[in-house]
Structures are given as C-alpha cells and as structure tokens.
Amino acid sequence: MTEKALRLGTRRSRLAMAQSGQVADAVSQVTGRPVELVEITTYGDTSREHLAQIGGTGVFVTALRDALLRGEVDFAVHSLKDLPTSQPEELVVAAVPVREDPRDVIVARDALKFTDLPRGARIGTGSPRRMAQLNAYARAHGLDIETVPIRGNVDTRIGYVRDGGLDAVVLAAAGLNRIGRGEEVTDFLSVDTVLPAPGQGALAVECPADRADLIAALAELDDPFTRVAVTAERSLLAALEAGCSAPVGALADLPPFSAPFERGNPHADGQIVKEMRLRGVVGTTDGSRMVQLSTTGPVPETHDQAATLGRHLAAEMLAQGAAGLMGERAQ
C-alpha cells in the first residue's frame, strides 16, 4: 500500500511553484512518500499596493502559516527573505536547504551592464533596499539614474524593459535561476555594490512543531552553513527592528572566498573556511545617507552564536545612526 501523500503548501506564483517543486522532489527522495503541491493565495499575491505600503513583513507568509496551523497542509516552502523574523511557537523551520546565488542582478535593454546605462536611466525595483544602495552607488560614482517603484512577477517586471518603459529592472539571481531564466541577466550586481536582502537566495521549509517525524525527515534537507549564515543576517534585521520591506541589506559569507560562495559553493574549492564575515547596510532610499558595517568571526556552530553575531553588528549600526535611516520602523 502506498503511503499517503504529504501536502506541501505553496504560493501560486511561477517562482513559488518552481522552488516548491524542487523541495517536493527532495522530500520524496528522503521520505519515499509522494508529495502533492497545495496552491494557496496570499495577500501579497492579490494586493496591487507596493510592498513598502502594505508592510512587506509576512504578506506572502500568513496564509501559508494559517493553512499549516489548520492542518490543511503538512509543510510549506517560503522564500526565507519573506519570513518575519519572529517565529510562532506552533511552527518550526525544519530545513534551510543549500542557498542559491544570493546576489541581485540587472536585466537591462540592449544587454547593458549597470555602469553602462545611459544618463537618466530608469531602473525598476519594488525594494527600498535596492533603491537605497543603487542610488548611493550612483552618487558615489557620478552616475545619473532614476529608481522607479514597480510590482509584479518576473514576466511583468522584465516586460517593462522589453516594451521600453524602463531601461532596466533589478531582480534576485536565485529567482531567475530557479525558473530557468538565468540567461536573461545582463549584469550581476557585486555584493560590494548592493548587499542582498537578509536570507535572499535561501528557502525555509516550515512545518508544525508537534510533527517530530516530519521534522526529522525534513531536517535531511538542511544545510548547516546556510542556516547559520541566514540566522546571522536575520538576527541583524530583527535587532534593527526592521521589517522585510525596510532598506536593510545583509550577507554572511566566507572571506576571502566570497566569489565561489556567490556561485553557491560554501567550501570554495574544497578548502574549509574557518571564518564568516557578516556585512550589513541601511540607508535612505535616495542614497544620500548610508550606514554600512561588517564584522568577521569564527563560523558559528550554533543558532545562538549566529544570532549573537547579527545582534552585535546591528548594535554597532544603531550606534552610528541606522535607526534614523529606516523611515517608519516595523512594530
């Protein structure tokens, strides 16, 4: 007799379905059970408002978590950067699989690189974090750009470039890679130029805290390095009391091997690296004021060590005035 299928709750977007499908295949392999996708519409999918206006935090997550708590699905897959930093007691993130490329990318007309865009170029993004850092880079390097707030899925956003409405849009490398559209990238934004959102490129596999059997099975998908890296990044975000729509960037990586890590190889040519670097940035969306700091320490071995690293860097950023740059602080 075939075991009952596990039900995986997912958003309906093409990207969500693609990443949930990849997790479903992996869960099937470790459990030997079939996995069926259960499509759930979230407020973030139906609202036409800009994410910064509707609060950003949790708008893509709440409906999935409600379905978990009601027992309508067994587990759910989230883009980790969409998860609020506070974790409900009834649910547990059972796995954080190996991270995809965390960088932001440009899709521009005429295959242009970011620094080759014409004066006055209009660049679309729905992210205050991206706006802040792009505008700061432009100010520092004498570039003349205009950041334009946009919403929509990948097709909609790239469509603004294709139809001539915008010169370029900024997207996450991970999302394009997961839906097989990585070849449309015209430029990768170095993390020295634009730090990604905390947790960008990583997934969170969440299930009820009372399902010990399922937690144990899902834990086989967990990547310990990815988990401590995103824990440090999200701890920094939480300590800044900022929601996921705030202009905060953070990345934990492995100096001096960050280039291979950006390609998704945390062990960098087989060398096990002993140190982790955490970088954080917060700034006004016009790029006129930025606080950017970093810290380096031993690769954390526990959740608490990773969280402490994030909290300490956040405290330094707050001491340099980071709070005043975030506009309305998320409650």
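**Exercise 1. Find which residues lie nearest the centre of the second largest pocket, then describe its lining.**

Solution. Start at the middle: T85, Q87, T231, R234 and H303 lie nearest the centre, out of 16 lining residues. A pocket here is an open set of points on a 1 Å grid over the protein atoms alone, where a 1.4 Å probe fits, with protein on both sides within 12 Å along at least five of seven lines; lining residues have an atom within 4 Å of a point.

Before going on, note that this is a predicted model, where local features need pLDDT of at least 70 and side-chain atom pairs count only at pLDDT 80 or more, while totals for chains, interfaces and linings use all residues. Residues are numbered from 1 along each chain as its sequence is written, and side-chain values use heavy atoms, with hydrogens and water left out.

Next, the space: the pocket holds about 410 Å³, a volume being the space filled by probe spheres set on the points, which are joined across faces, edges and corners.

Now look at who supplies the lining. β4 (91-95), α9 (224-239) and α11 (303-319) each bring at least two residues, and α9 gives the most, with six. Helices (H or I, at least four residues) and strands (E, at least two) are DSSP runs, numbered from the N terminus.

Last, sort the lining by class: seven nonpolar, six polar and three charged residues. Ala, Val, Leu, Ile, Met, Phe, Trp, Tyr, Cys and Pro count as nonpolar, Asp, Glu, Lys and Arg as charged, and the others, Gly among them, as polar.

**Exercise 2. Work out what lines the largest cavity.**

Solution. First, the count: there are two cavities of 30 Å³ or more, a cavity being a set of points where the probe fits but cannot get out. The largest has a volume of about 70 Å³.

By class, the lining splits into four nonpolar, three polar and two charged residues.

**Exercise 3. Locate D110 and say whether it is buried or exposed.**

Solution. Go to the loop between β5 (104-108) and β6 (121-124), where D110 sits. Its phi is near 55 degrees, a positive value in a residue other than glycine. D110 counts as exposed, because its relative accessibility is 61%; the cut-offs are under 20% relative accessible area for buried, over 50% for exposed and partly exposed in between (1.4 Å probe, protein chains only).
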